[in-house]
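Here are my notes on the model you sent over, as numbered points. Have the viewer open while you read.

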Amino acid sequence: MLKIFKVPYLFAILYFIVLLIDISFKFTLKELPCRFISKPLVVILLICYYLINNQEIYKKLLVYMIMALLCFLVGDFFMFFYEIQIYYIVGILCFILGKLFYIFRFSKRKDFDLVKLLAIIIPCFLYMLLLLILTYENLGNFFYPTLLYLFVVVTLIIFAHLRKQSVNFKSYVLVLVGVIFSLFSDSITIISSFYDATFAYNKVSIMLFYGISQYFIVIGIVEETKSDAFVVK
């Protein structure tokens with residue numbers, strides 16, 4: 001069994017099989033009993049893969065990653081009961097914390113060109129503004145939580161981009177792809193929840209993009225740790 005976590009393509013097969021099974025359960029008559037197992041298993045697999053394969057130089061970086069994944073795991077649980085407002089808010093807060101821990105993990109003490117950084121900051125904040133304009137009338141009590149969530153999403157993209165000069169290219173691309181898929185998932189969630197529009201297969205898209213994003217982020221970070229360990233040696 002350990003071999004599956006050691007061989008990237010075997011783990012990818014296992015992970016996406018579990019992800020697709022979880023998505024299929026969303027359309028069964030007995031969704032929750034099955035998804036109490038399948039949905040947490042998606043994140044648990046990533047935690048196992050990271051713990052087995054990471055070569056983090058600093059313990060705090062490992063803690064950031066584990067805390068991020070645990071926050072998503074807890075957030076997933078509360079989102080089972082999203083129709084209860086307090087559970088929905090707690091779930092959102094868990095996802096915000098998860099993204100913040102990712103930001104802590106992505107951060108590198110490197111100088112950066114502010115002018116070049118504006119090229120990504122401006123489109124990100126314009127996109128955030130567009131989502132707020134589209135959903136403003138329906139947000140109600142969720143305006144400030146949504147605003148905070150979007151701000152963290154944008155910050156996550158910026159910090160993922162800032163890794164470019166600090167990590168190997170493969171790790172940079174993998175993490176950036178993961179963050180972009182996360183943006184897709186978050187955007188569809190917000191629009192389908194607070195905008196008068198319906199998307200075909202929106203539930204499938206949200207979970208699929210969420211699962212893909214987490215996979216690429218974790219794989220990308222593991223690639224970074226391998227590179228860092230090699231440099232230290």
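1. For the cut-offs, buried means under 20% relative accessible area, exposed means over 50%, and partly exposed is in between (1.4 Å probe, protein chains only). The buried residues of H2 are Phe-11, Ala-12, Tyr-15, Val-18, Leu-19, Asp-22 and Ile-23. They sit on the same side of H2 because they cover an arc of only 140° around the axis; the arc is that of the directions from the helix axis to the C-beta atoms. An α-helix has 3.6 residues a turn, so residues three or four places apart point the same way.

2. Before going further, a word on provenance: this is a predicted model, where local features need pLDDT of at least 70, side-chain atom pairs count only at pLDDT 80 or more, and totals for chains, interfaces and linings use all residues. Residues are numbered from 1 along each chain as its sequence is written, and side-chain values use heavy atoms, with hydrogens and water left out.

3. The overall picture is quick to give: the chain has 9 helices and 0 strands. Helices (H or I, at least four residues) and strands (E, at least two) are DSSP runs, numbered from the N terminus. Of the 233 residues, 45% count as buried.

4. How do the helix lengths check out? H2 (residues 8-25) has 18 residues and reaches 26 Å from first C-alpha to last, close to the 26 Å expected at 1.5 Å a residue. The expected span is 1.5 Å times one less than the number of residues. For H4 (residues 59-79), the 21 residues should span 30 Å, and the end C-alpha atoms are 30 Å apart, which agrees. Among the buried residues of H4 are Met-65, Phe-72, Gly-75 and Asp-76.

5. Take a look at Asp-186 in helix H8 (residues 169-194). Asp-186 counts as buried because its relative accessible area is 9%. Its side chain makes polar contacts with the side chains of Lys-99 (3.1 Å) and Tyr-149 (2.7 Å). A polar contact here is a pair of N or O atoms within 3.5 Å; within protein, one must be able to donate a hydrogen and the other to accept it, and residues adjacent in sequence count only if both atoms are side-chain atoms.

6. Last one: Leu-129 lies in helix H6 (residues 114-139). Leu-129 counts as partly exposed because its relative accessibility is 44%.
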